[in-house]
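Here are my notes on this model, point by point. Please read them with the structure open.

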Amino acid sequence: MKLATWNVNSLGVRLPQLLDWLAAQQPDVVVLQETKLTDDKFPQAEIEAAGWRSQWFGQKTYNGVALLSRTEASDVVRNIPGFEDPQARVIAATVDGVRVVGAYFPNGQAPGSDKFAYKMAWLDALRLWLRAELARHPRLVLMGDYNVAPEDRDVFDPVALAGTIHCTDEERAHFQGLLGLGLMDAFRLFEQAPRSWSWWDYRNLAFRKNQGLRIDHILVSQALQPAVTACQVDKLPRKNERPSDHAPVWVELTG
DNA sequence: ATGGCCTTGGTACAAGGA
């Protein structure tokens with residue numbers, strides 16, 4: 001079973017690239033972030049014609065998430081239950097016995113800002129909800145755009161970017177809090193090339209210079225960890241014409 | 001050359017992203 005996450009930075013713009021990638025990679029489950037589409041604009045017909053079912057949850061201009069699957073998804077949840085949020089950031093469902101949580105974590109803009117405070121509150125709510133979700137569904141995967149670089153080795157210039165957004169101690173403590181629920185960073189279960197990133201700024205020739213951050217993650221529950229056989233960032237779509245600034249990340253599970 | 005952005009809404013350029 002192959003599960004993937006990709007921040008497409010506008011599904012309206014990136015749909016052809018998504019369909020190409022689905023055809024090439026044949027994932028069983030994909031979560032998307034930053035679809036930037038209201039629900040009436042979601043391209044369900046095109047995705048279904050390619051062979052994937054869809055669940056989606058969007059809004060105008062900003063945010064928006066979706067969950068695509070080969071088989072039908074059940075028990076779909078949109079956003080964090082009990083956390084009032086005008087922003088469409090979470091979609092969760094059960095697919096083939098795995099609880100899949102797809103999330104677009106808030107950016108946070110800058111430490112000390114209102115948006116940073118929202119990010120912290122959102123992260124608190126996410127962790128509380130996931131604790132209960134894990135009790136109900138031991139086989140769980142949390143994947144998406146976390147907007148957190150967990151360690152210095154996930155940052156192209158950790159000295160220059162120390163304490164800046166994605167790299168603050170508060171954000172990293174929240175990431176550790178998720179690990180504290182019994183989740184594992186699937187990417188770090190395997191030997192990886194140094195300077196592996198999932199996002200490169202559109203500016204400054206960042207992709208060509210490989211100056212990026214690893215902020216898109218796949219965390220797997222303890223019950224699933226023995227089943228994980230591979231986890232990789234697929235840099236190829238970042239080389240497309242008009243790419244998303246994020247690359248997809250995927251994980252392979254046996255069974 | 002030692003730096004160079006992209007998307008949306010809306011039709012100029014501000015806001016947001018990371």
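1. Helix α1 is kinked. The bend is about 35° and is centred on Gln17. Bear in mind that this is a predicted model.

2. Helix α1 covers residues 11-25, and its end C-alpha atoms are only 18 Å apart. A straight helix of 15 residues, at 1.5 Å a residue, would span 21 Å. Just beyond α1, Gln26 has a positive phi of about 50°.

3. Which residues of α1 are buried? They are Leu11, Arg14, Leu18 and Trp21. The packing partner of the buried α1 residues is β2, residues 29-33.

4. Next, the DNA. There are 24 residues around DNA strand B, and Ser10, Thr61, Asn107, Tyr202 and Arg203 come nearest.

5. The largest nonpolar core holds 70 residues. Val65, Ile91, Val100, Val141, Leu142 and Ile218 touch the most other members. Take Val141. Leaving aside residues up to four places away in sequence, Val141 touches Leu3, Val98, Val100, Val101, Ile218, Val220 and Leu224.

6. Val159 sits in the loop that runs between β8 (140-145) and α4 (169-179). Is Val159 buried or exposed? Val159 counts as exposed, because it has 7 C-beta neighbours inside 10 Å, and the cut-off for exposed is 12 or fewer. From Val159 to Trp199 is 40 residues in sequence and 18 Å in space, C-alpha to C-alpha.

Key:
Residues numbered from 1 in each chain as written. Chains lettered and ligands numbered in written order. Predicted model: local features only at pLDDT ≥ 70, side-chain atom pairs only at ≥ 80, totals over all residues. Helix = DSSP H or I, 4+ residues; strand = E, 2+ residues; numbered from the N terminus. Expected span 1.5 Å × (residues − 1). Bend = angle between axes of the 7 residues up to and from the residue. Buried ≥ 20, exposed ≤ 12 C-beta atoms within 10 Å, placed from the backbone. Contact = placed C-beta atoms within 7 Å. Near = placed C-beta within 6 Å. Core = buried A, V, L, I, M, F, W, Y, C linked by C-beta atoms within 7 Å.
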